[in-house]
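Here is a short briefing to read with the model open beside you. Take a look at the fold before going on.

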Amino acid sequence: MEKVINIALPKGRLGEKAYKMLEELGYGCKGVTENSRKLIFEEGNVRYFWVKPSDVAIYVERGAADVGVVGKDILEEYTPDVYEMVDLGFGKCRMCVAGIKGVVPTGDRTLRIATKFVNIAKQYYASQSREIEIIKLNGSIELAPILGLSDVIVDIVETGTTLVENNLEVKEEILPISARFISNKAAYRFKSAEIDAMSDKIRDWLATR
């Protein structure tokens, strides 16, 4: 008998795209895409629940979910102890350093960086042996250099439109980002057949795209 697979999906466009893929692969579940206040949806051998994107990795790492879909940015920032099974290739964007257009911060003083990706920023600049000051913000990161709060920002760039509209530009690209299919390590031991089957179907599906 197939074991039930608990799947954590991120709320928003990324999760909706991931669910559509899984539905096409035979893992559909009634009610998942309906507007309701339900938190858990179960049908056959799958159980879905929607969570905040940054929480997916926590649910998977802690075993509340067997598998999940999460952005590479979250994996790099929080380094959860999970298996990264498949690069899904969608939800693509870039983690970048950005700042005022045409302005190059001098290297003779501490670089002030506004970001919510503190660990990614620290690791990136540590590799350059650059002295930095982190200013942690949770929203409207682009405002920081405009108002003189920081020299640059470290943030996700998708289209770059927001940067252009605010006289900002990408200075450096840190890493490419895309959605990843991840698995809890203990769950993989006990449900390896089911998780491997799901991973293989995903890879086959991606190969046709």
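Predicted model: local features only at pLDDT ≥ 70, side-chain atom pairs only at ≥ 80, totals over all residues.

Residues are numbered from 1 along each chain as its sequence is written, and side-chain values use heavy atoms, with hydrogens and water left out.

- The largest pocket has a volume of about 750 Å³. Its lining has 28 residues, and those closest to the centre are Leu14, Pro53, Gly71, Asp73 and Ile156.
- A pocket here is an open set of points on a 1 Å grid over the protein atoms alone, with protein on both sides within 12 Å along at least five of seven lines, and lining residues have an atom within 4 Å of a point. Volume is the space filled by probe spheres set on the points, with grid points joined across faces, edges and corners.
- At least two lining residues of the largest pocket come from each of α1 (13–27), β4 and α3 (72–78). Helices (H or I, at least four residues) and strands (E, at least two) are DSSP runs, numbered from the N terminus.
- Sorted by class, the lining of the largest pocket has 13 nonpolar, six polar and nine charged residues. Ala, Val, Leu, Ile, Met, Phe, Trp, Tyr, Cys and Pro count as nonpolar, Asp, Glu, Lys and Arg as charged, and the others, Gly among them, as polar.
- The second largest pocket has a volume of about 320 Å³. Of its 13 lining residues, Val32, Glu34, Ser36, Lys38 and Trp50 are the closest to its centre.
- In the lining of the second largest pocket, four residues are nonpolar, four polar and five charged.

**Cavity**

- One cavity of 30 Å³ or more is present; a cavity is a set of grid points where a 1.4 Å probe fits but cannot get out.
- The largest cavity holds about 30 Å³ of space, and its lining is made of Glu2, Ile5, Tyr27, Asn45, Glu194, Ala197 and Met198.
- Helix α8 (residues 192–207) gives the most to this lining, with three residues.

**Aspartate 66**

- Where does aspartate 66 lie? Aspartate 66 is in the loop between α2 (56–61) and β4 (67–71).
- Aspartate 66 counts as buried because its relative accessibility is 6%; buried means under 20% relative accessible area, exposed over 50% and partly exposed in between, with a 1.4 Å probe and protein chains only.
- The side chain of aspartate 66 reaches the backbone nitrogen of asparagine 6 at 2.8 Å.
- Beyond its neighbours within four places in sequence, aspartate 66 is in contact (heavy atoms within 4.5 Å) with residues including Val4, Ile5, Asn6, Ile182 and Lys191.

**Cysteines**

- The structure holds zero disulfides, a disulfide being a pair of cysteine sulfur atoms within 2.5 Å.
- Cysteine 93 is buried at 15% relative accessibility, and cysteine 96 is buried at 1%.

**Positive phi outside glycine**

- Serine 129, in the loop between α4 (118–126) and β8 (132–136), has a positive phi near 55°. Serine 129 is exposed, at 69% relative accessibility.
- Asparagine 167, in the loop between α6 (161–165) and β10 (168–177), has a positive phi near 60°. Asparagine 167 is partly exposed, at 45% relative accessibility.

Terms used
Polar contact = N/O pair within 3.5 Å; in protein donor to acceptor, adjacent residues only side chain to side chain.
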